[in-house]
Amino acid sequence: MLLNRWTGNPVTPFTSLSRELDRMFEGVLDRSSRDGNTSAPALALWEEEGSYHVELEIPGVLADDLDVSVHGNRVTVKGERVEVAREGAKLHRREWGALEFARSFELPVDIDDKGVVAELDHGILRLTLPKAEGHKPRKVKVLTAK
């Protein structure tokens, strides 16, 4: 077993991958909200041959309260969950309320902003981010010499 010489913790093959993913997705996180709730949506990302796919957990956020933008290789998702007023009710406990968030991250290649698809389904925002034409893999035909 290989150990980290500074921490003494076991080193796994995924340690450097995890570190690299963290670095890749460092972005501008605005975690402020009106009621002090500090949270950014959890994110999942995967890549297919011609596109990236992102899912963000954003329960209680409506499609009209979301702003998704793409500029080059930077993706930004901004949103707001508004607090529901309950007229005549006595509040006993609230563990979540209004929330404003902004999350930005960069991908390794530029995105074709005209082909981006964003769908909100049961509190999950799904983004399909096609790679710009110059970054998509291209099959090269091999010719036979005459």
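Residues are numbered from 1 along each chain as its sequence is written, and side-chain values use heavy atoms, with hydrogens and water left out. Because the model is predicted, local features need pLDDT of at least 70 and side-chain atom pairs count only at pLDDT 80 or more, whereas totals for chains, interfaces and linings use all residues.

The protein contains one helix and eight strands, which follow the pattern α-β-β-β-β-β-β-β-β along the sequence; helices (H or I, at least four residues) and strands (E, at least two) are DSSP runs, numbered from the N terminus. Of the 146 residues, 24% count as buried, that is, under 20% relative accessible area with a 1.4 Å probe and protein chains only. Among contacts (heavy atoms within 4.5 Å) with a separation of 6 or more, 58% join residues 24 or more positions apart.

Strand β8 (residues 124-130) pairs in the antiparallel sense with β3 (residues 51-57) over seven bridges, pairing requiring at least two bridges found by DSSP. In this arrangement tyrosine 52 stands opposite leucine 129. Strand β8 also pairs in the antiparallel sense with β7 (residues 117-121), over five bridges, and leucine 120 stands opposite leucine 125. The strands β7 and β8 form a hairpin with two residues between them, and histidine 122 in the turn has a positive phi of about 50°.

Beyond four places in sequence, the contacts of leucine 127 include Tyr52, Leu56, Val68, Val77 and Val117.

Leucine 56, in strand β3, counts as buried because its relative accessibility is 1%. Outside four places in sequence, leucine 56 touches residues including Pro41, Ala42, Val77, Ile124 and Leu127. The C-alpha atoms of leucine 56 and alanine 42 are separated by 5.6 Å, although the two residues lie 14 residues apart along the chain.

The largest pocket has a volume of about 310 Å³. Its lining comprises six nonpolar, one polar and five charged residues; among the lining residues are Val82, Glu83, Arg86, Lys90, Trp96 and Gly97. A pocket is an open set of points on a 1 Å grid over the protein atoms alone, where a 1.4 Å probe fits, with protein on both sides within 12 Å along at least five of seven lines, and lining residues have an atom within 4 Å of a point. Grid points are joined across faces, edges and corners, and the volume is the space filled by probe spheres set on the points. Ala, Val, Leu, Ile, Met, Phe, Trp, Tyr, Cys and Pro count as nonpolar, Asp, Glu, Lys and Arg as charged, and the others, Gly among them, as polar.

Notes. Buried < 20%, exposed > 50% of the residue type's maximum accessible area, 1.4 Å probe, protein only.
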